[in-house]
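Welcome! Here is a short briefing to read alongside the sequence and the 3D view, with the main points grouped by topic.

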Amino acid sequence: MIGRLFLAAACAAWAGLARAAGPFSIEAWGGYGMAGMNDVNDNMKNMLKDQKASASGSTGEWTDLAGGVLVGGAVHYALADTWDLGLRVGYLNAGTGKYTFDYSSTTGTTPNTLTTTITRKDTVGATLIPIELGGRYRLQSGKSVFSLGAYVLYGLASGTYDLYDVTNISGTGIYSAFSSSSTSKGTAEATGSGVGGEVLAGWELALGERAYAGLDVGFRNLRVPSLKNTKDVDLDGDGTVDIKKNDAWKDVNDRNLPFAYSGLTAAVKIGYRL
């Protein structure tokens, strides 16, 4: 009997210490994250505008980078019933921007003609790994918990630029000697980093003694000043490096091109209190 009483007292004391120290909880989430990318989108539109201005009668369009799938996980440590600290790590696919350009012109008359066609199909992709450290205030109401948090963010950013550009010149008659074809294609990959922040408002519903599910909505503020190439790239296969490793991506005015990952986020989550 004494042994059982001692064991019960020890368990109660341990439970009390665990509550005093603060329980851990783990979370996983998935949803959608917006990414402003205004600098990138504006630059691609300006590039298209310049290319169309140099080729009368050409057509083309740019589809914006805007955001995409957001997933991640977190570990939280409760300092008190209403406050906890958290470490969050995620992955954002900011989507794919598409650049298309088409041009065709013919000079001369049959049988002496010279036809030039240009087809360009480029894509730009961007991803982000946000690593966040911060805290949140939690207020319980029945089986629900409402929270408001703020986090400092360090973002590991990456970008890809897939280029596909084909120029064909077809000559007949006296222009036959001018016939030619050239193709430029390749993928530039670049990385960078930046510091920002995120605020989140959350709601949780208890699914049992420890498990819960809920929803987080928030706003991320992050602008990466520049991305730098991770490798040399030969676009036309002539053995000459066209894109150099460690060079920063530039805009049409030869300035470093920032990547802005700022935007609203929304995700459903599941969690478990340890």
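The lining of the second largest pocket is made up of 13 nonpolar, four polar and two charged residues. This is a predicted model, and the points below cover that pocket, the confidence of the prediction and the salt bridges.

**The second largest pocket**

- The volume of this pocket is about 430 Å³.
- Its lining counts 19 residues, and those nearest the centre are Met47, Tyr161, Ile243, Trp249 and Lys250.
- Helix α2 (38–53) gives at least two residues to the lining, and so does each of the strands β5 (112–141), β6 (144–171) and β7 (180–206).

**How confident is the prediction?**

- Averaged over the chain, the pLDDT is 91, and 92% of the residues reach 70 or more.
- Residues 1–22 have a pLDDT below 50, and this stretch has five contacts in the model beyond near neighbours in sequence.
- Where pLDDT is low, the predicted coordinates should not be read in detail.

**Salt bridges**

- Side chains of opposite charge can pair when their charged atoms come close.
- The whole structure holds 15 salt bridges.
- One of them joins the side chains of Arg136 and Glu204, with an N to O distance of 3.7 Å. Arg136 sits in strand β5 and Glu204 in strand β7, so this pair links distant parts of the chain, 68 residues apart.- Both partners of that pair are buried: Arg136 has a relative accessible area of 4%, and Glu204 has a relative accessibility of 1%.
- Asp216 and Lys269 form another salt bridge, in which the closest N and O atoms are 3.1 Å apart. Asp216 belongs to strand β8 (residues 211–221) and Lys269 to strand β12 (residues 263–273), so the pair ties together parts that are 53 residues apart in sequence.
- Asp216 and Lys269 are both buried.
- Asp251 pairs with Arg255 in a salt bridge, with 3.3 Å between the closest N and O atoms. Asp251 has a relative accessible area of 16%, so this residue counts as buried.

**A network to look for**

- Which residues are linked in a network of salt bridges? They are Glu27, Asp84, Arg136, Arg138, Glu204, Asp216, Lys269 and Arg273.
- Arg136 and Glu204, described above as a pair, belong to this network, and Asp216 and Lys269, also a pair, are members as well.

Terms used
Residues numbered from 1 in each chain as written. Predicted model: local features only at pLDDT ≥ 70, side-chain atom pairs only at ≥ 80, totals over all residues. Heavy atoms only, no water. 1 Å grid on protein atoms, 1.4 Å probe; cavity = no way out; pocket = protein on both sides within 12 Å on 5 of 7 lines; lining within 4 Å. Points joined across faces, edges and corners; volume = space filled by probe spheres on them. Helix = DSSP H or I, 4+ residues; strand = E, 2+ residues; numbered from the N terminus. Nonpolar A, V, L, I, M, F, W, Y, C, P; charged D, E, K, R; others polar. pLDDT = per-residue confidence, 0-100. Contact = heavy atoms within 4.5 Å. Salt bridge = Lys/Arg side-chain N within 4 Å of Asp/Glu carboxyl O. Buried < 20%, exposed > 50% of the residue type's maximum accessible area, 1.4 Å probe, protein only.
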